[in-house]
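Student: I keep running into labels when I read a model like this one. Could we go through a few of them and ask what each label rests on?

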Amino acid sequence: MTKDIYTSDEIALLSNCTLCPRECGVNRFEGSTGYCGSDAGMNIASICIHRGEEPAISGPSGICNIFFSGCNLRCIYCQNHQISRACSPDQRRSLSLNETLDIITGILNKGIKAIGFVSPSHVVPQVRAIIRGLNARGFKPITVYNTNSYDKKEIIKSLEDLIDVYLPDYKYVSPEIAHQFSDAPDYPAVALIALKEMFYQKGSVLSVDNEGRAEKGILVRHLVLPGNADESKSVLRRLADEISTGINISLMSQYHPTRYVRNHPDLKRILYKDEYDSAVEEMEDLGFRNGWVQDMDSYQNYNPDFSREHPFE
């Protein structure tokens, strides 16, 4: 596994991996894979133009999303389960950095102005290498860090000069639910610390260009889960109390059950309208004034198939 695309600090991190809160300590250059199942390569599942993000993220023509394989969470309901779960070598796209840059620049040359790093918490050195490579080729796109927020504060701090827009989830505030749904009882505390660092860097204003495309800021996502509207309300209250009601919120109704939860008492079904409406009402009552809500039929539109060249079309 080549090391020449990384800085000495990045090599040290990947040689004894402590990138994320799991701190597995494996040597990813030797092919060892910790919880995320990823080595020191690019670990890319798909690179494509994606038009289904929030309007400020996709912009008028879409964003170039780089979907990484593997993940440092095990969300039992994950819509990207094809690439986030078992990350065996034959599931990875064995791209070199130059091959990765060729694909990305080909998309940017079509007029796309932003790139999104999707599920990047376990591949931050790769993210940094891609940004350096693009800059060396004369490209300086808007960079979007699309994360589950199971990130260490010091890693987020190291990205301040590289990431323009943070697009984090805040999934849960209850350790029990975080453990049951994502195998991470410390998620609520870890994610809140990461969110506070993102907010410290960017503030509450989501700056957009004259086409409505986000150029700088933070947009926090929360997916309302069936049978868990009360947890969603608690998430919103935590954000209001600990971050700011001035931030942009994307309150999502797009939950779609996968085969992995077909026997789960709550998650085996789609979200009920009254569950989502109660979360929206709580968001409004708390004073959040910026962001997006979704139609109840959105669950039909967010079912990617990563066996196709374009997972969303």
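Student: Why is His 256 called partly exposed?

Tutor: This is a predicted model, and in it His 256 has a relative accessible area of 29%. Buried needs a value under 20% and exposed needs one over 50%, so His 256, at 29%, counts as partly exposed.

Student: Where is His 256 found, and what does His 256 touch?

Tutor: His 256 is in the loop between β8 and α10 (273-286). Leaving aside residues up to four places away in sequence, His 256 touches Tyr 299 and Asn 303. Contact here means heavy atoms within 4.5 Å. As for Asp 266, 10 residues apart from His 256 along the chain, the two C-alpha atoms are separated by 12 Å.

Student: On to charges. What makes Glu 10 and Arg 132 a salt bridge?

Tutor: Side chains of opposite charge can pair when their charged atoms come close. For Glu 10 and Arg 132 the N to O distance is 2.9 Å. The cut-off is a Lys or Arg side-chain nitrogen within 4 Å of an Asp or Glu carboxyl oxygen, so this pair qualifies. The pair also links distant parts of the chain: Glu 10 sits in helix α1 (residues 8-15) and Arg 132 in helix α5 (residues 124-136), 122 residues apart.

Student: Are Glu 10 and Arg 132 buried or partly exposed?

Tutor: One of each. Glu 10 has 4% relative accessibility, so with the limit for buried at under 20%, Glu 10 is buried. Arg 132 comes out at 31%, between 20% and 50%, so Arg 132 is partly exposed.

Student: What does the salt bridge of Glu 242 and Lys 196 tie together?

Tutor: The closest N and O atoms of Glu 242 and Lys 196 are 2.9 Å apart. Glu 242 lies in helix α9 and Lys 196 in helix α8 (residues 187-202), so the bridge ties together parts 46 residues apart in sequence. Glu 242, at 37% relative accessibility, is partly exposed, and Lys 196, at 35%, is partly exposed too.

Student: How do you know that Asp 230 and Lys 233 count as a salt bridge?

Tutor: Their closest N and O atoms are 3.8 Å apart. The limit is within 4 Å, so the pair counts. Both residues lie in helix α9, 3 residues apart, or about one turn of the helix. Asp 230 is called exposed because its relative accessible area, 57%, is over 50%.

Student: How many salt bridges does the structure hold, and which residues are linked in a network?

Tutor: There are 16 salt bridges. Lys 113, Asp 209, Glu 211 and Arg 213 are linked in a network of them.

Conventions: Residues numbered from 1 in each chain as written. Predicted model: local features only at pLDDT ≥ 70, side-chain atom pairs only at ≥ 80, totals over all residues. Heavy atoms only, no water. Helix = DSSP H or I, 4+ residues; strand = E, 2+ residues; numbered from the N terminus. Buried < 20%, exposed > 50% of the residue type's maximum accessible area, 1.4 Å probe, protein only.
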